Amino acid sequence: MMPVDASSRIEAVYAEVLRRNPGEPEFHQAVHEVLHSLAPVLRKRPEYAEAKLVERLVEPERQVLFRVPWTDDRGEVHVNRGYRVEFSSALGPYKGGLRFAPDLALGTVKFLAFEQIFKNALTGLGIGAGKGGADFDPKGRSDAEVMRFCQSFMTELHRHLGEHTDVPAGDIGVGGREIGYLFGQYKRLTNRFEAGALTGKGTGWGGSQARTEATGYGTVHFVREMLATRGEDIAGRRVVLSGAGNVSLFAIEKAQAYGALVIACSDSSGYVVDEAGLDLELLKEIKLERRGRLDTYAEARPGARFSTTGSVYDVPCDIALPCATQNELGQDHAVGLVKNGVKAVAEGANMPCTPDAVEVLREAGVLYGPGKAANAGGVATSALEMRQNAARDIWSFEETENRLAAVMRDIHTQCVVAAEEFGAPEDYVLGANAAGFLRVAEAMRDQGVV
């Protein structure tokens with residue numbers, strides 16, 4: 001077999017991605033980050049280049065766009081746009097969340113679905129990759145309005161779903177309420193109680209224990225594994241997080257359980273700093289029950305301060321966990337974190353660090369866990385929910401969490417082994433991309449040109 005000019009091949013593939021997907025910068029960013037990790041893989045495995053696996057991998061298997069009409073409580077008609085990008089089924093049914101956000105566009109959905117390919121492959125749990133959602137904002141809407149929207153959304157999407165075809169879950173803007181309404185309409189339309197067709201369900205009717213906690217817990221498990229490679233631990237470390245939703249709240253919970261001092265978190269209104277350690281119960285009450293803002297925390301907690309200027313990443317810390325949204329941690333933030341002595345950064349959100357920020361962290365020798373590895377706990381537990389549904393079984397919280405911890409340890413090991421194999425020890429970006437790609441590539445080769 002002729003040697004492969006991997007760099008030229010990758011540049012050509014990326015140029016074609018830009019040409020065929022104009023105006024989708026987040027998708028371009030995600031593809032660029034993966035492709036430029038794969039050159040050493042293609043040099044060592046030229047058969048993958050010959051089979052054009054990379055060219056096939058960057059093109060979604062199916063993209064579904066559809067109209068979602070619905071009426072609000074005043075009887076006014078609204079029209080939104082729904083999406084489902086079914087990117088890869090090489091390892092199993094398409095799997096990935098639904099996001100409801102007013103600014104959601106196709107490029108964002110494609111980037112999320114592309115990242116999901118490698119994340120899902122790393123779990124080892126037999127799931128393909130997809131993502132979807134709508135440019136709908138559930139904030140400020142009544143339960144009845146959210147229900148009508150979800151029913152209209154599922155009326156179109158249901159024909160593309162199924163436990164052996166495509167299995168959505170929740171994401172930003174889609175929690176237990178929305179999953180319940182979506183499943184109810186799916187059941188009504190199909191005349192089947194097909195529990196494995198959606199995950200994130202209520203625990204009383206097929207949902208998995210620990211699913212709500214899984215992404216945050218998994219991120220902290222991954223951080224502990226990274227620190228252990230340098231003989232260090234999370235106990236006693238100062239931790240800051242972005243976000244104040246489920247991922248952040250349960251990352252705080254698990255970090256505190258391991259003895260970390262979590263001192264700051266943020267929401268869209270600003271960030272709060274509590275040098276004595278965040279009061280998790282107060283945070284949960286404000287964010288989950290009252291659905292309030294973080295200034296309320298500072299008002300209720302002596303010694304805490306709330307700020308609307310600067311960034312939560314300005315707070316000196318040992319560990320930073322960006323858990324909010326894509327491209328929230330930029331180059332200046334990374335420079336500040338390094339200056340203040342950060343030891344590890346792990347992504348609880350999808351692609352929250354910009355490429356420039358990642359470069360700063362890696363050049364400074366900071367342990368950096370990319371989202372496709374560090375936040376894989378959520379989709380891993382969704383896959384465990386599918387396993388329980390298939391067996392009509394229910395696992396305890398402890399059993400599910402133990403399995404989650406084992407999956408995160410295995411993901412970390414895969415990243416370390418792949419990084420070393422391809423000549424870049426401690427490079428978790430290359431390790432995650434290479435390990436995920438190898439698993440998908442082998443399946444694609446075995447299944448022929450499809």
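## Strand β4 and its partners

Three bridges link strand β3 (residues 94-100) to β4, and the two strands run parallel. This is a predicted model. Another involves leucine 98, whose bridge partner in β4 is glycine 132.

Strand β2 (residues 77-88) also joins β4. Here there are six bridges, and the strands run antiparallel. Glycine 82 is part of this picture: its bridge partner in β4 is alanine 134.

## A covered strand

How many residues of β4 are buried? Strand β4 spans residues 129-134, and six of its six residues are buried. Ala129, Lys131 and Gly133 point one way from the strand. Gly130, Gly132 and Ala134 point the other way. Residues on both sides are buried, Lys131 included.

Now step back from β4. Five strands form an open sheet. Their order is β1-β2-β4-β3-β5, and the pairing is mixed. Which strands lie at the edges? They are β1 (62-71) and β5 (166-169), and each of them pairs on one side only. Neighbouring strands of this sheet are turned by 20° against each other on average, ignoring direction.

## Helices around the sheet

Helix α7 (residues 143-157) packs on the sheet. Helix α7 touches β1, β2, β3 and β4. The direction of α7 makes about 145° with that of β1.

## Nonpolar cores

The largest nonpolar core has 104 residues. Which of them touch the most other members? They are Phe114, Leu321, Ile411 and Phe437. Helix α18 (residues 428-446) gives the most to this core, with eleven residues.

Take isoleucine 411 as a close-up. Set aside its neighbours within four places in sequence. Isoleucine 411 is then in contact with Leu122, Thr123, Phe222, Ala373 and Ala376. Another core lies apart from the largest one. This other core has 23 residues, among them Ile263, Ala320, Val345 and Val429.

Note on methods: Residues are numbered from 1 along each chain as its sequence is written. This is a predicted model: local features need pLDDT of at least 70, side-chain atom pairs count only at pLDDT 80 or more; totals for chains, interfaces and linings use all residues. Side-chain values use heavy atoms; hydrogens and water are left out. Buried means under 20% relative accessible area, exposed over 50%, partly exposed in between (1.4 Å probe, protein chains only). Helices (H or I, at least four residues) and strands (E, at least two) are DSSP runs, numbered from the N terminus. Two strands pair if DSSP finds at least two bridges between them. Axes are lines fitted to C-alpha atoms, for helices over the stretch in contact, and angles run from 0 to 180 degrees between N-to-C directions. Contact means heavy atoms within 4.5 Å. A nonpolar core is a set of buried Ala, Val, Leu, Ile, Met, Phe, Trp, Tyr and Cys residues joined through side-chain atoms within 4.5 Å.
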